[in-house]
Amino acid sequence: MSESGNKREPGEPKESKADSRFSRRELIASLGAAGLTVAVGSLWQAGAASSSGVGQSVYSVQQATYGAVNVKDYGAVGDGTNDDTAAIQAAIDGCADGGGGIVFLPPGVYRLTGTLRMRTAVTLEGAGVSAWDLTFANRLKQPAPTELRFAGAGAKTFEVTYATDMRPSGGVLDNADTLPNHDDVRYALTNFRNADATGSSPAMTRKFSVGIHFPKGCEFAAIRHMRLVPNYDGVGGYNDTGSLALGDEWDVGLFLDNAQDIMLHNVQIVGYWRIAAKLQTAGSLGNEYKNAGAERNRFYDCMFQGNTGVCIRGGDVYRVTSFGGSPGNYSIQVPWWSSNPLPSSGTVRLAGTYTDYSSASVSGDKLTLHGISANPDDVGNVGDGLRLSPYSSGFAGTTYVNCYIAGLEHASKRGASHVGIGLGVSKNIEVSGNVRGLKWIGCTVLGFEDVLLHLHDADDIQFIGCYFESTRRYDGTPGGGRMIAAPYRNSADARGAYPCGHTENVQFWATEFHVSVDKAPKFKRLSGVRYTDQGFFAPRYVFDSFETFPLTDERDFIIRGPKDQRIKLQNANGQTAMSVTPGGNIELQGNLLDTSGSKLKISAAAGEAEFSGGVYPKTDKGASLGGAAKRWANVHVSDGLVMTTPDGTKTYKVYVDNSGVIQAVLQ
C-alpha cells in the first residue's frame with residue numbers, strides 16, 4: 001500500500017481480510033500444520049499426515065482461500081480487451097517470491113500480448129475449459145471459463161540452438177504421393193535453424209514466439225483448468241469454415257525449455273499455433289547448461305492443436321564419416337549442409353564421451369572438427385553418431401494421460417500444406433533427439449493432416465490404450481495417417497545421405513488403429529490408406545498388440561508378426577524351439593517328442609522323422625512322393641505296392657516273389 005493508505009501502486013496486491021490477520025506465508029504454514037491442502041476451484045482434502053479433520057481447523061474456508069494469489073488483486077481485468085500480461089506476470093512472480101503456491105485466474109478472457117514466464121513451485125489455475133471440437137466443424141467452438149487469448153504478433157525472442165531437421169541423418173523424407181495444390185513433397189522434422197550456413201559459420205537460429213514459457217531449471221510448476229489460444233476474432237474465426245486465415249501470429253503455445261517435474265491438468269492449448277501447441281526440449285549447445293533435462297513431466301486430460309500438436313526435441317545427431325589428425329590435434333568429420341548448427345568451436349559427445357574441439361573447416365559436404373586432444377578412435381568408431389547436445393538427461397518419466405493430440409486441423413478442413421494456408425506438412429506428434437522413456441496412455445491421436453506420428457532418434461516409446469485415426473478433408477480426400485519411424489542407421493533401408501539415429505523399442509499396447517492409418521512397411525496397409533509408396537514406419541524393434549493379436553476371425557486366436565521378422569517360441573532361458581519365417585515356413589530348433597500319443601517325432605541329431613500313424617496327401621492324387629531329380633534311395637513295404645489301374649476302376653498289387661521275380665496281380 002502507498003503511504004497515504006488511499007491508493008494502490010500498479011501491480012500491488014489489494015489488502016484482504018486475511019491480510020489484516022495473517023501474512024500469506026503464515027497462513028499457508030498454519031494450513032500445513034493442520035494437515036490441510038487447498039486448490040482454488042477444487043475440493044478440500046485432509047492431509048495424509050493430519051491427526052484432525054477439516055472441521056477441526058480454526059480457519060474458515062473463506063479465510064483459507066486467501067492463501068492463493070488472485071490475478072485480479074494484481075490488476076488483471078479478464079474482459080478480453082485490456083492487456084493483462086503484466087498483471088498476471090506480477091502475480092506469478094509475487095507468488096514465486098513468497099515461496100510458491102497457486103495463482104488463480106477467475107472466470108474471464110485474459111488478453112495477452114507477451115509471454116508469461118513460469119516460476120518454480122507456482123501453479124497457474126483457472127476455472128475450467130469449454131467445447132472445442134476439432135473433428136466436426138458444425139459443433140461451434142466456445143470461449144472457455146478461463147481463457148488466455150494471445151493477441152497481436154508474438155515477439156520472436158526464443159530459440160532452440162541444438163535441433164534442426166537433420167537432413168543428412170534422414171530427418172527429411174520425400175513424399176511421392178502428393179496432393180494437388182499442396183506443398184507436401186517432403187516430410188521433415190521441425191527445423192529450428194535457417195538454411196544460411198556459410199563455411200564453418202553455422203546457420204542462424206530460427207527465432208519464435210511463445211505463449212507460456214517454462215525456462216531452464218523451472219521445476220514443480222503446474223497449469224490447470226484453462227485454455228491457451230491465439231486470438232482469431234476472439235474465437236469466432238475458428239468457426240469460420242469458409243476462410244483460410246490463421247488468426248493472430250503466435251508460434252508456440254507452451255514451451256518447456258529444459259524444465260522438469262511440470263504438470264498440466266485439464267488444459268486446452270488450441271488454435272493455429274504456427275510451430276507447435278506444446279514444445280518440450282532437453283539439451284544444450286556447449287557448456288551453458290550441463291544439467292539439461294526435461295524428465296518426469298506429466299500431462300493429464302489436455303488437448304493440443306497446432307501445426308505440430310506435441311513436439312519433443314533433444315539435440316541433433318550426425319554420422320561420423322572419418323577420424324583424422326595426430327596426437328594432440330585429432331579431428332572428427334561429419335556431414336555439412338545449409339542448416340549446419342555446429343559452431344566453429346565447442347563441445348560434442350561421441351559414444352558417451354565429452355569432446356572439445358577448437359576449430360572447424362568445411363570441404364564439400366563434410367565438416368571437420370579440429371583440435372581434439374584425445375584420439376576419438378579410442379572411444380568410438382566411424383559410423384557412430386556424434387551428438388550435438390552433449391549434456392542432456394533426457395525425457396524419462398514424461399507421460400500423457402487421456403489427452404487429445406491433433407495437428408493444425410483448420411476449420412476449412414484443408415490441410416496445413418494446402419497452398420491457401422501455406423504452413424507445410426502438419427504433424428500430430430514429433431519426437432527426436434536422444435529421446436527415451438515417453439508414454440501415452442489412453443490418448444487420442446486424430447486428425448486429417450499428413451503425419452500422425454514422426455519418430456526419428458527415439459527409444460522406448462509406449463502407447464497404451466490409445467487410438468489413432470485419419471479423417472477425410474473438405475473434398476473427401478483421405479487425410480494423412482502416416483506413421484514415420486527411422487530404421488537402424490546401419491540397415492540396408494537406412495535413410496539420408498549419411499544415416500544416423502534410429503527408432504527402437506516402440507510399443508503399442510491395446511492401441512487401436514483406424515483403417516486409414518499407414519504403418520507400412522512394417523505392417524500391411526489397410527483399406528482406408530491412400531498411399532502407394534513403400535511407407536516410412538520402420539523402427540528397429542516394434543510391438544503392436546493390434547497387429548500381433550489381430551481380431552480378424554472370431555473363431556480363431558491369431559498371432560502375427562511384423563513384416564520381415566521371424567516369430568520365435570522360446571523357453572525361459574531364451575532357447576528357441578520353433579520359428580515362423582517371414583515366408584510362412586516353420587523352422588524347428590528342438591525335437592518333436594512323442595510324449596502323449598503324438599504320431600510324429602523329428603530328431604534334430606539324426607535328422608530323421610518317425611511316423612507312427614498314417615501319412616496322407618492333402619487331396620486325392622494331389623501330391624507326389626519324390627521326383628526325377630530327388631529320388632528315394634530305398635523304399636520299404638510290407639509285402640508289395642497296391643496301386644490303381646489307369647482308368648481307376650481296379651487295383652493291382654506289385655511285389656517281388658520268393659524267387660526274386662516281379663509280379664503284378666490284378667485284385
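Two strands pair if DSSP finds at least two bridges between them. Strands (E, at least two residues) and helices (H or I, at least four) are DSSP runs, numbered from the N terminus. By that rule, four bridges join S40 to strand S41 (residues 576-580), and the two run antiparallel. This is a predicted model: local features need pLDDT of at least 70, side-chain atom pairs count only at pLDDT 80 or more, and totals for chains, interfaces and linings use all residues. Residues are numbered from 1 along each chain as its sequence is written, and side-chain values use heavy atoms, with hydrogens and water left out.

**Whole chain**

- The protein chain holds five helices and 47 strands.
- Of its 667 residues, 48% count as buried (under 20% relative accessible area; exposed is over 50%, partly exposed in between; 1.4 Å probe, protein chains only).
- Take the contacts (heavy atoms within 4.5 Å) between residues at least 6 apart in sequence: 70% of them join residues at least 24 apart.
- The average pLDDT, the predictor's confidence in each residue from 0 to 100, is 86 for the protein chain, and 87% of the residues score at least 70.
- Residues 1-66 have a pLDDT below 50; this stretch has 76 contacts in the model beyond near neighbours in sequence.

**Sheet S40-S41-S42**

- Three strands form an open sheet in the order S40-S41-S42, with antiparallel pairing.
- The edges are strand S40 (567-570) and strand S42 (586-588); each has a single partner strand, so one side of each is left without a neighbour in the sheet.
- On average, neighbouring strands of this sheet are turned by 15 degrees against each other, direction ignored (axes are lines fitted to C-alpha atoms, for helices over the stretch in contact; angles run from 0 to 180 degrees between N-to-C directions).
- Lys568 has Ser579 in S41 as its bridge partner.

**Helix H4**

- Helix H4 (residues 85-97) has 13 residues, which should span 18 Å at 1.5 Å a residue; its end C-alpha atoms are 18 Å apart, which agrees. The expected span is 1.5 Å times one less than the number of residues.
- Buried residues in H4 are Thr85, Ala87, Ile88, Gln89, Ala91, Ile92, Cys95 and Ala96.

**Lys278**

- Lys278 lies in strand S16 (residues 276-281).
- Its relative accessibility is 0%, so Lys278 counts as buried.
- Beyond four places in sequence, Lys278 contacts Leu254, Phe299, Phe304, Gly309, Val310, Cys311, Ile312 and Tyr400.
- The side chains of Lys278 and Tyr400 make a polar contact of 3.0 Å (a pair of N or O atoms within 3.5 Å; within protein, one must be able to donate a hydrogen and the other to accept it, and residues adjacent in sequence count only if both atoms are side-chain atoms).
- Lys278 and Val210 are 68 residues apart along the chain, with C-alpha atoms separated by 9.7 Å.

**Two loop residues**

- Ser417 sits in the loop between strand S29 (404-405) and strand S30 (427-432). Ser417 is buried, with a relative accessible area of 1%.
- Not counting residues up to four places away in sequence, Ser417 touches Asn181, His182, Asp183, Asp184, Gly424, Val425 and Asp450.
- Val185 is in the loop between strand S10 (172-174) and strand S11 (186-188). Val185 is partly exposed, at 37% relative accessible area.
- Val185 and Asp174 are 11 residues apart in sequence and 6.0 Å apart in space, C-alpha to C-alpha.
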